[in-house]
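Subject: Structure handover

Hello,

Here is the structure we talked about. Please open it next to this note. My findings follow below it.

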Number of protein chains: 2
Amino acid sequence: MTEKIDTQGTWLTCRPDIKIQDCTIRDGGLINAHKFDDTFFKAVYDADIASGVSYMEIGYKCSKKIFAPDKFGKWKYCDENSIREIVGENNTPLKLCAMADTGRTDYHEDIQPKKDSVLDLIRVACYINQIPAALDIVKDCYDKGYEVTLQLMAISVVKEKELREALDIIAKSPVTAVFIVDSFGALYSEQVRYLINIYKDALSSSGKEIGIHAHNNQQLAYANTIEALILGASRLDATINGMGRGAGNCPLENLVSFLKNPNFKLRPILKCIQEHVIPLQNDMEWGAMIPYMLTAMLNMHPKDAIAMRSSTTRDDLVGFYDQLVQQEL
Amino acid sequence: MTEKIDTQGTWLTCRPDIKIQDCTIRDGGLINAHKFDDTFFKAVYDADIASGVSYMEIGYKCSKKIFAPDKFGKWKYCDENSIREIVGENNTPLKLCAMADTGRTDYHEDIQPKKDSVLDLIRVACYINQIPAALDIVKDCYDKGYEVTLQLMAISVVKEKELREALDIIAKSPVTAVFIVDSFGALYSEQVRYLINIYKDALSSSGKEIGIHAHNNQQLAYANTIEALILGASRLDATINGMGRGAGNCPLENLVSFLKNPNFKLRPILKCIQEHVIPLQNDMEWGAMIPYMLTAMLNMHPKDAIAMRSSTTRDDLVGFYDQLVQQEL
């Protein structure tokens, strides 16, 4: 069969509309309960500025009533003073953002008016069934003066009819961008093409941008990110060295190596990896591994694979495969 | 712009024309000078049979005059008795193949008539400038009774005009398939699409199949393999756990997880990885790493990155980047 694809440029094109979000501290924080020290935070911050990244996502605005502060590091909450202690007023071109996870945030209380905050953007994350609650957070944050984007998670299990309905509602909200969030790392490139077209149909007329947040369960995070990019996505999530829970994310260094925009620089990212990220690998594990491929293949959340990698049977690939196949029945 | 792509099925389609070549022993042999022990060879052989792989590539038919036998293991030469000691007459559905590398093989002497050989297929590898010499090997092997395919290496530096000329010549030869060989791991999916179309133009009328052999320098080996597959390639090279020189190859387990053909089985491959491949990682290194991404980004052979990973500066990413950038000038 013949499929028509609408592309926006090729790998040789420099697209000024491209904005990279570095999610290293936020997504990487899911590995270590957000307990990064200030030196590491500052190294990522400096690397992002030097490499031309547009936004740095520093963590969550999570409720201290739900997540006890003695169990998590400060980037679970992103209090204003925690941020300012490291970046001051952030008088740089790099914008800062934090994630408000629907159902887990006391946004009315914990998210300050923009004029009192060093954050620029609130990224509201939700599952399809949480859209109304998410839009309430969107409105609250927008009214407080922030840029707001929406991260629609677990996209690989959303039905097309419901996705179209959700996007039509979101199109009327004040978000500047809506993201395809492949939480399970389950998408193939042809499915990315299909989703981008649905997003374009729903969002183009309202001028909202399309973003992608890919996970590397099947070694496709980078491939799917550049596929989305070529087809018109302009908000691209990545993490340094692909750091992120489980299989991790689209590596920022790969993405920058692909982009031909001279505003993006690779060397500062490599320096940060060499000096700050590689040493963390002694205590933190991330990256594409077969257990994550198996959960993604079955379009499942990676939590079983994450648990398996923390268990005494962490190397028992066949046992884990058998368990998943039996579970499916 | 709008691009038209002709696809042959989707990720839900079972394509009976698909044939997988497992290149683990051949490509992995480039890491350890082809010194696999018989137990490992047999484990891969058994896994390939059990998982439904069509061809197992066991090594090279290299000249002992050029490559001294005291320096390499037996899979550099693939002597008949070496193979038979492990697989006997190979009375299985799995076909065996070896690579004849143009300019490095005494094919007249070292490749026996098919009736005396347990090999089924000779894969002739060449660079674009070696096409006439390669076609002499093709003819010799075809006349001896083998199936023959052609692996056109370093495709990312071949000019389109010359590629079209070469494919027109190859179309008249008795090969059954011609492969896109991304030796530098430099291709993006859109370039795979472009190359597949050129191959189709040149080869469809002669009924020759199209194959792909991808390397994982940019974490795109699997993505590019399934892109080629969707667009019509039917000969797919992969290796168990992605084992292969440098960044390695398209992982066989990923490829099988993608294919919905019930003839392919994942579990035997996982068992082989767990019991035989992972233990080798103590002595052999392969897989996507930043130095390989850097050479691929510059469309260079990975040899500098391979050398860097064997040197005392194996972790100096920034130094290696600087060296490559300076070299380029």
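Is Ala33(A) buried, exposed or partly exposed? Ala33(A) counts as partly exposed, because it has 13 C-beta neighbours inside 10 Å. The cut-offs are these: a residue is buried with 20 or more other C-beta atoms within 10 Å of its own, exposed with 12 or fewer, and partly exposed in between, with C-beta atoms placed from the backbone.

Before the rest, some ground rules. This is a predicted model, in which local features need pLDDT of at least 70 and side-chain atom pairs count only at pLDDT 80 or more, while totals for chains, interfaces and linings use all residues. Residues are numbered from 1 along each chain as its sequence is written, and chains are lettered from A and ligands numbered from 1 in the order in which they are written.

Ala33(A) is not a glycine, yet its phi is positive, at about 55°. Ala33(A) sits in the loop between α1 (24–28) and α2 (38–51) of chain A. Helices (H or I, at least four residues) and strands (E, at least two) are DSSP runs, numbered from the N terminus.

Asn90(A) is another case. Its phi is positive too, about 50°, and Asn90(A) is not a glycine. The loop between α3 (80–87) and β4 of chain A holds Asn90(A). Asn90(A) is partly exposed, since 18 other C-beta atoms lie within 10 Å.

**The barrel**

In chain A, 8 strands close into a barrel. The order is β2-β3-β4-β5-β6-β7-β8-β9, and the pairing is parallel. Strands pair if DSSP finds at least two bridges between them. Neighbouring strands of this sheet are turned by 25° against each other on average, direction ignored. For angles, axes are lines fitted to C-alpha atoms (for helices over the stretch in contact), and values run from 0 to 180 degrees between N-to-C directions.

Some pairings in chain A, with one bridge each:

- β2 (residues 19–22) and β9 (residues 235–238) run parallel over 4 bridges. Gln21(A) has Asp237(A) as its bridge partner in β9(A).
- β2(A) also pairs with β3(A), parallel, over 2 bridges. Here Gln21(A) stands opposite Tyr55(A).
- β3 (residues 55–60) and β4 (residues 95–101) are joined by 4 bridges and run parallel. Glu57(A) is bridged to Cys97(A) in β4(A).
- β7 (residues 177–181) and β8(A) are joined by 5 bridges, again parallel. Val178(A) has Ile210(A) as its bridge partner in β8(A).

How many residues of strand β8 (residues 209–213) of chain A are buried? The count is 4 of the 5, so β8(A) is largely enclosed by the rest of the structure.

Chain B has a closed barrel of 8 strands as well, β2-β3-β4-β5-β6-β7-β8-β9, with parallel pairing. Ala98(B) is bridged to Ile122(B) in β5(B).

**Domains of chain A**

Chain A is divided into domain 1 (19–280) and domain 2 (290–328). The bounds come from an automatic or database domain assignment. Their centres, taken over C-alpha atoms, are 26 Å apart. Domain 1 puts 11 residues into the contact and domain 2 puts in 10. Residues are in contact if their C-beta atoms, placed from the backbone, lie within 7 Å. On the domain 1 side there are 4 nonpolar, 6 polar and 1 charged residues. As classes, Ala, Val, Leu, Ile, Met, Phe, Trp, Tyr, Cys and Pro count as nonpolar, Asp, Glu, Lys and Arg as charged, and the others, Gly among them, as polar.

**How the chains meet**

The contact between the chains takes 36 residues from chain A and 36 residues from chain B. Elements of chain A that each supply at least two residues include β1 (2–6), α7 (189–203) and α13 (317–328). The largest share, 6 residues, comes from α10(A). The chain A side divides into 18 nonpolar, 9 polar and 9 charged residues.

β1(A) pairs with β1 (residues 2–6) of chain B, antiparallel, over 5 bridges. Lys4(A) stands opposite Lys4(B) there.

**Symmetry**

A rotation of 180° with 0.0 Å of shift along its axis superposes chain A on chain B, at RMSD 0.0 Å. The two copies are therefore related as by a two-fold rotation axis. Of the residues of chain A, Lys4(A) comes closest to the axis, at 2.3 Å (C-alpha). The same surface serves both copies, as 100% of the contact residues of chain A recur in chain B.

Best regards

Methods: Contact = placed C-beta atoms within 7 Å. Least-squares fit on C-alpha atoms with pLDDT ≥ 70 in both.
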